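This report describes a single protein chain for a reader who is new to structural description. Please keep the sequence and the model in view while reading.

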Amino acid sequence: MSEHESKPLPPVDLSQPPAENIVRVTFKPEGKTVEFPFGSLPYDGHGEPMSFLDVAENYGIFLDHACGGVCACTTCHIHVLEGTKNISEAEEKELDRMELSPGLQLNSRLGCQAVIEKPGTYVVEIPSWNKNYVQEGKPAAVVKS
Ligand code: FES
């Protein structure tokens, strides 16, 4: 589902932690949460397999990726709020690219490069200042947050 189809997401019981071997990812500020068994997600063709961009694309959640997920822009900039210890470390090419990104924080990553390596809970935030959202007229819910 790479064209951001509007399809209701399966419900997730947020009152309980994810079950064993389950990956739970919440995308803020929209607050969309998805769950799936670790290792079960088909590769959607954007970014690294099991990257946050790959997860977003699988579920039709909008995460900008102007370069198609090849670490050649910064439009997939995210802040990792939870789950940092279970995602891949940034490689040199990502670090170099991030230096060009506005709003850099210690928890900044490129959504196409940060790969989920273990089951567990992950919370990421798509920064509201991302100029591409405004310039490209993306969903109002994302622009206003
Ligand atoms: S989509 Fe371009 S760097 Fe991630």
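## Strand pairing in the sheet

Strands S3 and S5 run antiparallel and are joined by 3 bridges. Here strands and helices are DSSP runs numbered from the N terminus, with at least two residues (E) for a strand and at least four (H or I) for a helix; two strands pair if DSSP finds at least two bridges between them. His-79 has Glu-125 in S5 as its bridge partner. Strands of a sheet pair through backbone hydrogen bonds, in either a parallel or an antiparallel manner.

S5 also pairs with S1, in the parallel sense and over 6 bridges. S1 pairs with S2 as well, in the antiparallel sense over 6 bridges. Arg-24 has a partner in each of these pairings: Glu-35 is its bridge partner in S2, and Thr-121 stands opposite Arg-24 in S5.

## Basis of the model

The structure is a predicted model, in which local features need a pLDDT of at least 70 and side-chain atom pairs count only at pLDDT 80 or more, while totals for chains, interfaces and linings use all residues. Residues are numbered from 1 along each chain as its sequence is written.

## Overall arrangement

The chain contains 4 helices and 5 strands. From the N terminus on, these elements follow the order β-β-α-β-α-β-β-α-α. An open sheet of 5 strands has the order S2-S1-S5-S3-S4, with mixed pairing. Strand S2 (32-37) and strand S4 (108-110) stand at the edges with a single partner strand each, so one side of each has no neighbour in the sheet. From one strand to the next, the twist averages 35 degrees; this angle is taken between N-to-C directions, on a scale from 0 to 180 degrees, using axes fitted as lines to C-alpha atoms.

Two residues are in contact if their C-beta atoms, placed from the backbone, lie within 7 Å. Among contacts between residues at least 6 apart in sequence, 64% join residues at least 24 apart.

## Burial and the nonpolar core

Of the 145 residues of the chain, 32% count as buried. A residue is buried if 20 or more other C-beta atoms, placed from the backbone, lie within 10 Å of its own, exposed if 12 or fewer do, and partly exposed in between. S1 is largely enclosed by the rest of the structure, because 5 of its 7 residues are buried.

The largest nonpolar core has 23 residues, and those with the most contacts inside it are Val-25, Phe-52, Ala-56 and Leu-63. Strand S1 (22-28), helix H1 (52-58), strand S3 (77-82) and strand S5 (120-125) each supply at least two residues of this core, and the largest share, 4 residues, comes from H1. Such a core is a set of buried Ala, Val, Leu, Ile, Met, Phe, Trp, Tyr and Cys residues joined through C-beta atoms within 7 Å. Leaving aside neighbours within four places in sequence, Leu-63 is in contact with Phe-52, Leu-53, Ala-56, Cys-76, Gly-111 and Ile-126.

## Backbone features in the loops

Most residues other than glycine have a negative phi, and most peptide bonds are trans. Lys-28 and Pro-29, however, are joined by a cis peptide bond with omega about 5 degrees. Pro-29 belongs to the loop between S1 and S2.

Asn-21, which is not a glycine, has a positive phi of about 70 degrees and lies in the segment before S1. Met-50 is likewise not a glycine and has a positive phi of about 70 degrees; its place is the loop between S2 and H1. Asn-21 is partly exposed, with 13 other C-beta atoms within 10 Å, whereas Met-50 counts as buried, with 20 C-beta neighbours inside 10 Å.

## Confidence

The predictor's confidence in each residue is given by pLDDT, from 0 to 100. The chain has a mean pLDDT of 88, and 84% of its residues reach 70 or more. Among the elements, helix H4 (residues 140-144) has the lowest mean pLDDT (43) and S5 the highest (98).

Over residues 133-137 the pLDDT stays under 50, and the model has 5 contacts beyond four places in sequence for them. The pLDDT is also below 50 over residues 139-145, a stretch with 11 contacts in the model beyond near neighbours in sequence. Where pLDDT is low, the predicted coordinates should not be read in detail.
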